[in-house]
Amino acid sequence: MAVPPKLKLRLSYDPALPPDTEQLLTRTVHGTALKALLVFDEPFWRAKGLSGQTASDVGPVTSTFDNSPPGGTPGVLLGFVLARHADELLRLPEAQRKDAVLRSFALLFGERARHPRRYIDHSWTEDPWTLGCYHACYTPGALTSYGPAVRRPHGLVHFAGAETAARWYGSMNGAVTEGQRAAAEIAKALEQPEPAVGTAAGITAASALGDGR
Ligand SMILES: Cc1cc2nc3c(=O)[nH]c(=O)nc-3n(C[C@H](O)[C@H](O)[C@H](O)COP(=O)(O)OP(=O)(O)OC[C@H]3O[C@@H](n4cnc5c(N)ncnc54)[C@H](O)[C@@H]3O)c2cc1C
């Protein structure tokens, strides 16, 4: 199961998750982030020798990138609104939120940036399949108290995802290597002989597998 921790908690398990796994997953928080895409006929900033990449301490947009396709048409600028800036914008009606984002782009790239052909933004906090961005963090004490639960399988359920990674935590690399780790674990488990049903050991193993055998 490779979904963010808060989503792992929204599923129901039978048997229920062990207390330390439940406590660990409860102690996670996601950041707030808004991603905005501005589409123009062409990447006009390139003609001025600009890369499209910025970092700003003014906000609400605090970083931007040139997100145009390889051919360069259309021109696409991408901007992130993060943390307190994102919390503030998400309290505004949609039109005001768009105005604030476009104002930021105009500050960085000039008035032309205020008039994209198309504007799209996405609030990751409101995305029901993500619930926040860029990833979840464990709150202080969570890992020191419940660390062994991070990657421990629960019966047939093996946990993976960016937030189980010891290296590249919270990033794409971590998500991919954790997928490989969990797949290898499952392949190994499938090589084990099935427990004999009826023995004390068999019953324990069967109930841990959670598949009714
Ligand atoms: C805007 C943004 C920018 C980012 N930028 C970078 C970056 O530049 N570099 C980088 O390394 N990382 C970046 N990240 C982080 C990176 O995207 C994540 O670390 C990575 O995607 C996590 O992968 P994952 O497989 O753990 O989970 P996810 O990518 O969240 O995948 C989980 C999947 O499970 C699905 N799902 C959820 N619940 C259920 C359910 N109940 N049933 C079925 N399916 C379900 C979801 O729809 C989703 O497809 C960024 C993240 C965001 C949001």
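1. The model is predicted. With that numbering, strand 2 (33–40) and helix 7 (172–191) each supply at least two residues of the shell around the ligand.

2. The shell around the ligand contains 18 residues, of which W129, G161, A162, S171 and A175 come nearest. Sorted by class, the shell has 12 nonpolar, five polar and one charged residues. Domain 1 (5–18 + 149–191) and domain 2 (33–126) each contribute at least three residues to the shell.

3. The domain assignment divides the chain into domain 1 (5–18 + 149–191) and domain 2 (33–126). Between the C-alpha centres of domain 1 and domain 2 there are 35 Å. A residue pair gives a further distance: A183 and L38 stand 145 residues apart in sequence and 39 Å apart in space, C-alpha to C-alpha. A183 is part of helix 7. It has 12 other C-beta atoms within 10 Å, and a residue with 12 or fewer counts as exposed, so A183 is exposed.

4. Which residues touch the most other members of the largest nonpolar core? They are L34, A36, L38, V81 and F105, in a core of 17 residues. Strand 2, strand 5 (75–82), helix 4 (83–89) and helix 5 (94–109) each supply at least two residues of this core. Strand 2 gives the most, with five residues. A36 is in contact with V61, G79, V81, V101 and D121, leaving aside residues up to four places away in sequence. Another core, of six residues, lies apart from the largest one; among its members are L25, Y138, A142 and A149. As background, nonpolar side chains in soluble globular proteins tend to be buried together.

5. Helix 2 (residues 19–26) has T21, L24 and L25 as buried residues. Viewed down the axis of helix 2, the buried residues fall within an arc of 95 degrees, so they line one face of the helix. The cover over the buried residues of helix 2 includes helix 1 (5–10), strand 1 (28–30) and helix 6 (142–146). In general, an α-helix has 3.6 residues a turn, so residues three or four places apart point the same way.

6. Two cis peptide bonds should be noted by anyone preparing the model. One joins D14 and P15, with omega about 5 degrees, and P15 sits in the loop between helix 1 and helix 2. Another joins T73 and P74, with omega about -5 degrees; P74 is in the loop between strand 4 (61–66) and strand 5.

7. Because A83 has 13 C-beta neighbours inside 10 Å, it counts as partly exposed.

Note on methods
Residues numbered from 1 in each chain as written. Predicted model: local features only at pLDDT ≥ 70, side-chain atom pairs only at ≥ 80, totals over all residues. Near = placed C-beta within 6 Å. Helix = DSSP H or I, 4+ residues; strand = E, 2+ residues; numbered from the N terminus. Nonpolar A, V, L, I, M, F, W, Y, C, P; charged D, E, K, R; others polar. Domains from an automatic or database assignment. Buried ≥ 20, exposed ≤ 12 C-beta atoms within 10 Å, placed from the backbone. Arc of directions from axis to C-beta. Contact = placed C-beta atoms within 7 Å. Core = buried A, V, L, I, M, F, W, Y, C linked by C-beta atoms within 7 Å.
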